[in-house]
Amino acid sequence: MAKAKSRSTSLPEDLDLRVRMIALRENRTPANVLENAVRVFTLIPQDLRNLLIETSADQMKGARKIEELSRRIMFSLARERFEQAAAQLAVSGGKIDHDMLDADEMVVVETYGPAAT
Amino acid sequence: MIVVVPDINVLVSKLYADKAAKSSTISQKVVCHLVSGSINGEPVQIAMSFKMLDTYRDVLLRQEYPEAVVNEQVSALVDIMKFGPAGFDPYLVLGGTPDPALKDLEDGGVLATAYAAHAGLLITDNLKDFAGQDAEIYRTSRVQTPDGKTRELYCVVRARPDGKELVIAHPADFISWTDRNLRISPEAIRQSFAVTRKP
């Protein structure tokens, strides 16, 4: 096991409250939450670290912006998983319905609507 | 933002096209648009109920696709919905009570999902079952399959219980409209296409 070093800092009250809330909600110790936060933070490239610090400094909009950023990351990861699973299914031994396959290759030969804008 | 319900047949067709090593088929383009998060710059939110996901899963298992990978794909699809721009949670839409106006119970469930999700668009290859009473029908295009057969397509506009409206379109029309940058809304459909009689 790697040797552990003890570091100390003082947290503002609101930040300390957030740490304790996460610890309580996720059944972890506050120290574990802090250790995880430092571990993730130190792995993030500096540009993104700076952006996150700057964003979080805005009390009003910061949390919402970071939430939106997280959503986009999670969406992107889910999309990647979806595509990976699709690629695996494509090389599996599953069957194909050829009628559906033919119908899927239809082309629009005439449209009754307006021309392209 | 537009909330879109893709019918199961679109997802299944996409899988068959992938499996047959096809590229740029209609269903492949539809799914590509939907999972990209936006359509012509407008954010898109996929909405499906767990009942629909179960049906998708059942179809693939019947066709002998590996269960673990099917489950992984369904789970990823749930996350795509949860982390979409509107954060849609399939647990909140149980499939609803099938619309009695529709003969096919499964299609009734799909329509109930679209209503519950406040969807603006439902994409399906199975238009006929959605063109029941109280539906407006518009003639949209003529398509041709690789074997030379042609088919007339139409789209359906139905009133949702919340007072808004739902457009039900064929995947080929959806792609045609998206490629031509046409806005997909009941108003745009009414302005662009002529009403037709029931199919």
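Guide: Strand β1(B) and strand β4 (residues 121-123) of chain B run parallel and are joined by three bridges. This is a predicted model, in which local features need pLDDT of at least 70 and side-chain atom pairs count only at pLDDT 80 or more, while totals for chains, interfaces and linings use all residues. Residues are numbered from 1 along each chain as its sequence is written, and chains are lettered from A and ligands numbered from 1 in the order in which they are written. Strands (E, at least two residues) and helices (H or I, at least four) are DSSP runs numbered from the N terminus, and two strands pair if DSSP finds at least two bridges between them.

Four of the five residues of β1(B) are buried, which leaves the strand mostly covered. A residue is buried if 20 or more other C-beta atoms, placed from the backbone, lie within 10 Å of its own.

Chain B touches chain A with 45 residues, which meet 35 residues of chain A; contact requires C-beta atoms, placed from the backbone, within 7 Å of each other. On the chain B side, the elements giving two or more residues are α1 (8-19), α2 (26-36), α4 (67-82), β5 (136-144) and α6 (171-179). That side divides into 21 nonpolar, 14 polar and 10 charged residues. Of these elements, β5(B) pairs with strand β1 (residues 107-111) of chain A in the antiparallel sense over four bridges, and B:Ser141 is the bridge partner of A:Thr111.

The helix pair is in chain A. The axes of α3 (residues 46-57) and α4 (residues 62-90) of chain A come within 7 Å and cross at roughly 140 degrees. α3(A) and α4(A) are therefore oblique to each other, a class for angles that are not under 35 degrees (roughly parallel), over 145 (roughly antiparallel) or 65 to 115 (roughly perpendicular). A:Leu52, A:Thr55, A:Ser56 and A:Ala57 of α3(A) meet A:Gly62, A:Lys65 and A:Ile66 of α4(A). The number of buried residues among the 12 of α3(A) is zero, so this helix lies largely in the open.

Note on methods:
Two residues are in contact if their C-beta atoms, placed from the backbone, lie within 7 Å. Ala, Val, Leu, Ile, Met, Phe, Trp, Tyr, Cys and Pro count as nonpolar, Asp, Glu, Lys and Arg as charged, and the others, Gly among them, as polar. Axes are lines fitted to C-alpha atoms, for helices over the stretch in contact, and angles run from 0 to 180 degrees between N-to-C directions.
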